[in-house]
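Me: Could you take a close look at one part of this model for me, the place where the two chains meet? I'd like a connected walk through it, please.

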Number of protein chains: 2
Amino acid sequence: MAQRKSPFRLCSAPAPRPRDAEQTRAEILRAARLLFATRGYANAGMREIARAAGITPALVVRYFGSKRDLFLAAIETDIGLAPFLGPDRATVGRHIARYFFSKPLRDADTLSILLHAAGDPEVRDLATELLNARVIQPLARWLGPPRAEARAALLLAIISGTWLFRQALPMRAFAGGPDAALASCLAAQIQHVVDGLPEP
Amino acid sequence: MAQRKSPFRLCSAPAPRPRDAEQTRAEILRAARLLFATRGYANAGMREIARAAGITPALVVRYFGSKRDLFLAAIETDIGLAPFLGPDRATVGRHIARYFFSKPLRDADTLSILLHAAGDPEVRDLATELLNARVIQPLARWLGPPRAEARAALLLAIISGTWLFRQALPMRAFAGGPDAALASCLAAQIQHVVDGLPEP
DNA sequence: GTTTTTTGTAAACGCCTGTTGACTTCTACC
DNA sequence: GGTAGAAGTCAACAGGCGTTTACAAAAAAC
């Protein structure tokens, strides 16, 4: 049975979204970011992304060229670390800790996308470079000497470790909501790195 | 040209390994552990594992049933954390930090296999459970109150974060060999969790 | 020495993936 | 109102995956 589309549509046929290239592109990107962040690159299929965006896989390719290019577009957003890097260095540990212990962590976070790309040979190097350029280096500049880059990497490692057991391998101990004691300990550790490392 | 096999073999024909089921099984397990640890579950193919073990993919299935069962067998080994959990609580932070900053980290480490399984829907829950049972719980028992499980999870998160940027997403700052300052800071942080968390 | 069991290989199967090309359908312009 | 082009769908392709089946060869049992 042929379905009439317009202007007198049958009720059983779901209303097709008005054709708007810009909005469709944005919708694809939104779906891709969400799925890349929650399932990882390899496990987020083009068909699944297309279905989440309400369109066809072929259209995803037409808009973004390939899956890898879609991934590139998906991580072309700010990592969202800038708000923490203000002049107030004394409380930044607490702010970062609270942000990364907030529940739930923003699903389509760029950091989640990049961390979930670990171990995927197709995008691993890309994620590594981007984490270096977008997180480590700005963080290192903000931290300043001594050992700015090493301290920045260590700070990101602490943040990523907590992310790992809240999002990727959800542990019972981390699942019970924001634990004040955990958060404060995390804050202290971050602050410790911010203030500088002890000499060996 | 037919190749003679035995007892007078031509030099050009590589010597086939003598048929030894037990050794073949061990060889498969060794190859699987190495590839699961370095490439992750999804990206370690049966053909690749079989090739690394010097046999045929069909034989891997005959020995272990399926890829998932092979993974189960691959993680059925000690995590290697026990040596650190001795009576000397004052220096455990330093020992653990030195171990996880040692270069290179053991490739086929069970911890690497489990952490690399993050985000893979096929084995993620399994890895989570095993990390709980084999790492968090023993660690929590050893740490003792207060908040034993939360502190154990936080400790594992710190260790895993450094693992992430040394193995999975190799960062330049972590690649330059054991950094004494980094290691000592890591040791201090671990020790801090071992000694107990500050009250909020 | 023959037969049976174990140990291994080769080729294929069904499924899923990213991607492509041919084809509709809606929209905007002349 | 007719038409060019954008927006979207559909079915198929090539390739990789884990797995299976059929078969060969070595070792062991009789």
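Reply: Happy to! Helices here are DSSP runs (H or I, at least four residues), numbered from the N terminus. This is a predicted model, in which local features need pLDDT of at least 70 and side-chain atom pairs count only at pLDDT 80 or more, while totals for chains, interfaces and linings use all residues. Residues are numbered from 1 along each chain as its sequence is written, chains are lettered from A in the order in which they are written, and side-chain values use heavy atoms, with hydrogens and water left out.

Let's start with Q189(A), which sits in helix α10 of chain A, residues 180-195. Q189(A) is buried, at a relative accessible area of 1%, where buried means under 20%, exposed over 50% and partly exposed in between (1.4 Å probe, protein chains only). Beyond its neighbours within four places in sequence, Q189(A) contacts I158(B), Q189(B), H192(B) and V193(B); contact means heavy atoms within 4.5 Å.

Setting aside residues up to four places away in sequence, I158(A) touches L186(A), I190(A), V193(A) and Q189(B). I158(A) and V193(A) are 35 residues apart along the chain, and their C-alpha atoms are separated by 10.0 Å.

Now for the interface as a whole. Chain A and chain B bury about 4100 Å² between them, 70% of it from carbon and sulfur atoms; buried area is the accessible area (1.4 Å probe) that two parts lose on being put together, summed over both. L169(A), M171(A) and Q189(A) supply 13% of the area that chain A buries against chain B, more than any other three residues. Each chain brings 50 residues to the contact.

Two salt bridges cross the interface, a salt bridge being a side-chain nitrogen of Lys or Arg within 4 Å of a carboxyl oxygen of Asp or Glu. One salt bridge joins the side chains of R172(A) and E149(B) (2.9 Å, N to O). On the side of chain A that touches chain B, α6 (110-116), α7 (124-143), α8 (148-168), α9 (172-175) and α10 each supply at least two residues. The largest share, 14 residues, comes from α8(A). That side divides into 30 nonpolar, 13 polar and seven charged residues, with Ala, Val, Leu, Ile, Met, Phe, Trp, Tyr, Cys and Pro counted as nonpolar, Asp, Glu, Lys and Arg as charged, and the others, Gly among them, as polar.
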